[in-house]
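Have a look at the picture first, and then we'll go through it step by step.

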Amino acid sequence: MTVQDASTAPPRPVPLDASEPGGFGWHLVQEMSVEVRVDVHAAGKAVTAVVPCPTGVIPQG
């Protein structure tokens, strides 16, 4: 899966605080993925994460 945004700032973990909303996404991506790649370019960045499929079936669509 690849997501993009207009910021050139690389993702970074923030201290986890269960009493505050947000801040969990980057931790989850890194924990669930077998590979993560961040490609920064002039118009922003693309983050690609390879997440294993435990059933071995690749979803179509």
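Before we start, one term: a residue counts as buried when its relative accessible area is under 20%. Keep in mind, too, that what you see is a predicted model. By that cut-off, 13% of the 61 residues in the protein chain are buried.

Now for the overall dimensions.

What is the chain built from? It has one helix and three strands, and if you follow the sequence, they come in the pattern β-α-β-β. Parts of the sequence that lie apart do meet: among contacts with a separation of 6 or more, 42% link residues 24 or more positions apart.

Next, let's look for empty space. Rolling a probe the size of a water molecule over the atoms shows where some is left. The largest pocket has a volume of about 260 Å³. It is lined by 15 residues, and the closest to its centre are Val3, Trp26, Val29, Val47 and Ala49. Strand E1 (2-5), helix H1 (25-32) and strand E3 (44-50) each give at least two residues to this lining. And what kinds of residues make up the lining? Ten are nonpolar, three are polar and two are charged.

Note on methods: Residues are numbered from 1 along each chain as its sequence is written. This is a predicted model: local features need pLDDT of at least 70, side-chain atom pairs count only at pLDDT 80 or more; totals for chains, interfaces and linings use all residues. Side-chain values use heavy atoms; hydrogens and water are left out. On a 1 Å grid over the protein atoms alone, a cavity is a set of points where a 1.4 Å probe fits but cannot get out, and a pocket is an open set with protein on both sides within 12 Å along at least five of seven lines; lining residues have an atom within 4 Å of a point. Grid points are joined across faces, edges and corners, and a volume is the space filled by probe spheres set on the points. Helices (H or I, at least four residues) and strands (E, at least two) are DSSP runs, numbered from the N terminus. Ala, Val, Leu, Ile, Met, Phe, Trp, Tyr, Cys and Pro count as nonpolar, Asp, Glu, Lys and Arg as charged, and the others, Gly among them, as polar. Buried means under 20% relative accessible area, exposed over 50%, partly exposed in between (1.4 Å probe, protein chains only). Contact means heavy atoms within 4.5 Å.
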